[in-house]
Amino acid sequence: MAAPLRAIRGGRAIDAATWDELEAVLLSADVGVATTAAVLDELRADVAADGISEPSALVDQLKVRLRQRLGDGDRGLHLAPKGTNVWLFVGVNGVGKTTTIGKVAAHQVRLGRSVVLAAGDTFRAAAVDQLATWAERSGADIVRGNEGGDPAAVVFDAVARATARGADVVLADTAGRLHTKSNLMEELRKLRRVAERETGVVSECLLVLDATTGQNGLVQARQFAEAAGVTGVVLTKLDGSAKGGIVLAVQEQLGIPVKLVGVGEGIDDLVAFDPDDFVGALFD
Amino acid sequence: MFEALSDRFEGIFGRLRSRGRLSEADVDEVLREIRVALLEADVNLGVVRAFVERVRARVVGEELSQALNPGQQVIKAVHAELVATLGGETLRITYAPKPPTVVLMAGLQGSGKTTNSAKLARWFRQQGRNPMLVGADLQRPAAVEQLRVLGQQVGVPVFSEATDPVSVARAALAEARDKGRDVLVVDTAGRLAIDEELMAEVGRIRAVLEPDFTFLVVDAMTGQDAVTVAESFNATLALSGVILSKVDGDARGGAALSVKEVIGRPIAFVSTGEKVEDFEQFHPDRMADRILGMGDVLSLIEKVEANYDQDVAARAEQAFLEGQFTLDDFLEQMAQVRKMGPLSNIIGMLPGVPKELRQAEIGEKELGRVEAIIRSMTPAERRMPDSIDGSRRVRIATGSGTSTSEVNQLLKQFKEMSKLMRRMGGGAAKVAKRSKKGKGGRVTPKGGTLTGASKLPALDQLTNTEDPLSALLGDQTRRTTPWQ
């Protein structure tokens with residue numbers, strides 16, 4: 001996408017081709033037809049109102065508009081003052097929930113917090129072993145159930161253990177599930193209820209979203225938010241060629257902010273979401 | 001998958017059908033709508049542009065057919081382009097003259113390589129092969145362990161060692177020759193297309209294996225990036241085709257169209273669910289029909305043939321003919337239908353089913369309850385439902401976690417069904433006899449045809465049945481008879 005943008009910036013005047021190129025940039029970044037049309041309409045109004053005539057000024061104004069859409073929501077991870085904190089990680093299959101938990105655990109341990117991992121993915125073969133490896137790497141405690149067992153029971157046990165040991169936070173892994181499977185979404189509701197049954201407080205519910213996801217990402221976010229009360233998005237695999245433009249629609253339509261970004265498979269490859277960097281990268 | 005796209009097309013074409021003539025502006029408008037529909041389905045922008053231009057060329061440039069109205073011509077053009085874009089024919093799997101046939105699996109992280117490796121190995125087993133799975137993903141924690149568990153589920157041995165992926169590949173080849181395994185399915189670590197080091201590594205794995213087939217596993221929910229990914233992997237690995245995973249969600253599957261278009265290789269298999277058996281070969285032409293709301297009866301028939309146990313069918317037919325169809329038989333029939341996968345998948349293959357019905361997540365729960373109720377009955381009760389009095393009903397309801405009114409309803413429905421069967425039973429018996437005579441007709445010298453009489457009752461029965469699924473099932477029962 002670098003080449004067309006340079007062509008825009010280097011162009012003499014704003015013409016139909018310029019608009020086409022901008023549209024192509026946004027659509028190719030998975031921003032989506034509706035959001036793209038809305039942003040470009042705003043931009044046309046800006047051009048008329050402010051008399052923007054240079055293509056490079058136009059691109060800068062587009063960035064401003066996109067940045068506005070991402071809002072200035074709260075992107076921090078929170079701990080409730082009372083009770084045993086539970087951070088729930090949800091999402092469809094293969095987005096990187098387990099890996100993300102490993103990285104978050106390492107980060108929290110580094111901050112001096114004591115962390116208990118709940119191996120709530122009892123469905124996928126060897127998911128528990130995968131999480132156990134991350135527990136070892138990060139120095140977190142882990143509570144595991146049986147493969148095929150009840151995930152809610154695992155989370156319940158993890159909360160009990162964290163409470164008994166006075167741990168700061170439980171990071172609960174869940175099995176990947178397609179948001180269209182109503183029984184599995186129901187299971188997630190139950191899991192959240194059970195997590196809060198006694199001392200537990202779900203202070204974050206993070207939707208893990210793969211940056212390569214297209215327009216389906218919005219539907220995923222809506223369904224998971226409805227079932228589990230999502231507080232933020234972790235955008236994974238942003239180190240690849242995908243831009244993750246769908247999070248614009250997720251922010252705008254559902255008010256769910258991106259909090260973290262996954263940029264690799266290493267334990268430190270998780271960073272805070274920076275909206276300016278994100279918008280800039282759409283045009284790289 | 002593709003439902004949303006097919007709904008959009010349905011809307012666009014619905015408006016077209018009622019039009020007598022299409023002006024150039026009308027065509028532009030339709031093409032614009034098609035463009036938006038494709039983009040919203042995550043088809044790559046470049047692919048969309050090319051697609052729309054080709055449809056335009058077909059609609060504008062071609063001699064207008066007298067038989068079709070302008071709306072139909074557009075539909076025909078879109079259908080033809082969809083078939084062309086999706087890849088025409090089904091990829092044929094052939095086997096290396098000198099075994100093992102080697103299949104290399106590659107893709108991004110989380111696309112479903114490990115699960116689909118196991119599913120593919122199971123598929124090869126079903127083809128009568130003797131496959132072996134190879135765990136060459138030494139990157140992700142517990143990936144090999146996951147493969148071993150899955151291998152056990154599908155009954156295929158798993159080979160791996162804690163060295164490096166290239167050495168594993170080399171050792172696996174030797175192991176396969178040693179143990180007489182004729183197909184190797186090699187799972188590799190997920191990698192980003194722009195990670196040059198890891199792409200070079202998979203290139204070295206390929207050089208060692210010299211695979212007969214290299215599949216890229218692509219998540220059906222992938223957006224615009226699918227094209228970049230497919231191009232990079234194709235450049236390094238010369239792909240044979242694509243395995244599309246997670247198509248059981250509501251993804252619009254645009255990635256499928258895009259990938260085929262840019263690498264020129266077909267979608268070979270699709271993964272339709274979380275269970276190891278949720279995996280099938282992909283038929284591009286049929287999928288084009290489904291996108292355009294034309295259903296996919298061919299795949300449905302194949303599913304019925306693959307899953308419907310002929311012995312069970314024959315037993316049921318016998319019981320049916322003798323008017324002794326019990327709740328046990330009913331349960332067995334139900335299990336047969338359920339074996340074909342989620343009801344919603346089956347409904348999606350039927351033509352002309354309204355979208356409300358296609359989208360509803362139907363039946364699974366109800367079927368589960370019916371099954372629970374019957375399983376809470378004693379064998380004697382299942383044979384003689386009339387013996388189930390009030391107190392038995394209460395017990396059955398408690399045992400199955402349902403209510404007595406649900407038990408009552410099931411018993412009432414079954415009774416009515418039995419009545420209906422007894423009435424039809426006579427007719428069905430005649431059909432069966434006639435079709436046996438019909439079989440005799442087959443051995444008559446060339447030119448001998450079945451008489452009208454032997455065909456008509458069967459047709460009658462098909463057309464009398466309102467539900468196309470049961471019509472197919474019924475037909476299946478009859479067809480198996482002569483071979484029993």
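**Exercise 1. Work out how β2(B) and β4(B) are joined, and what packs on the sheet they belong to.**

Step 1. Start with the two strands: β2(B) and β4(B) run parallel and are joined by 6 bridges. Two strands count as paired if DSSP finds at least two bridges between them. Helices (H or I, at least four residues) and strands (E, at least two) are DSSP runs, numbered from the N terminus.

A quick word on what you're looking at: this is a predicted model, where local features need pLDDT of at least 70 and side-chain atom pairs count only at pLDDT 80 or more, while totals for chains, interfaces and linings use all residues. Residues are numbered from 1 along each chain as its sequence is written, and chains are lettered from A and ligands numbered from 1 in the order in which they are written.

Step 2. Pick out a facing pair: A136(B) stands opposite T188(B) in β4(B).

Step 3. Zoom out to the whole sheet. It is open, has 8 strands in the order β3-β2-β4-β1-β5-β6-β7-β8 (chain B), and its pairing is mixed. At the edges sit β3 and β8 (279–281) of chain B, each pairing on one side only.

Step 4. α8(B) lies across β1 (101–107), β2, β4 and β5 (213–219) of chain B, at about 175° to β1(B). Axes are lines fitted to C-alpha atoms, for helices over the stretch in contact, and angles run from 0 to 180 degrees between N-to-C directions. Touching, or contact, asks for C-beta atoms, placed from the backbone, within 7 Å.

**Exercise 2. Check the span of helix α7 of chain B, then find which residues are buried and which are exposed.**

Step 1. Take the span. The helix covers residues 165–179 of chain B, and its 15 residues should span 21 Å at 1.5 Å a residue; the end C-alpha atoms are 20 Å apart, which agrees. The expected span is 1.5 Å times one less than the number of residues.

Step 2. Sort the residues. Buried means 20 or more other C-beta atoms within 10 Å of a residue's own, exposed means 12 or fewer, and partly exposed is in between, with C-beta atoms placed from the backbone. By that rule, P165(B), V168(B), A169(B), A172(B), L173(B) and A176(B) are the buried residues of α7(B).

Step 3. Look down the axis. The buried residues of α7(B) fall within an arc of 140°, so they line one face of the helix. The arc is that of the directions from the helix axis to the C-beta atoms. On the other side of α7(B), A174(B) and D178(B) are exposed.

Step 4. See what lies over the buried face: the cover includes β2 (131–136), β3 (158–159), β4 (183–188) and α8 (196–209) of chain B. After α7(B) comes G180(B), with a positive phi near 70°.

**Exercise 3. Which residues touch the most other members of the largest nonpolar core?**

Step 1. The core has 173 residues, and the ones you want are L117(A), A118(A), L171(A), A172(A), V103(B), V134(B) and V186(B). A nonpolar core is a set of buried Ala, Val, Leu, Ile, Met, Phe, Trp, Tyr and Cys residues joined through C-beta atoms within 7 Å.

Step 2. Helix α7 (residues 151–165) of chain A gives the most to this core, with 7 residues. A second, separate core of 10 residues includes V370(B), I374(B), M377(B) and V407(B).

**Exercise 4. How many residues does each chain bring to the contact?**

Chain A brings 33 residues and chain B brings 35. On the side of chain A that touches chain B, α6(A) gives the largest share, 4 residues.

How values were computed. Contact = placed C-beta atoms within 7 Å.
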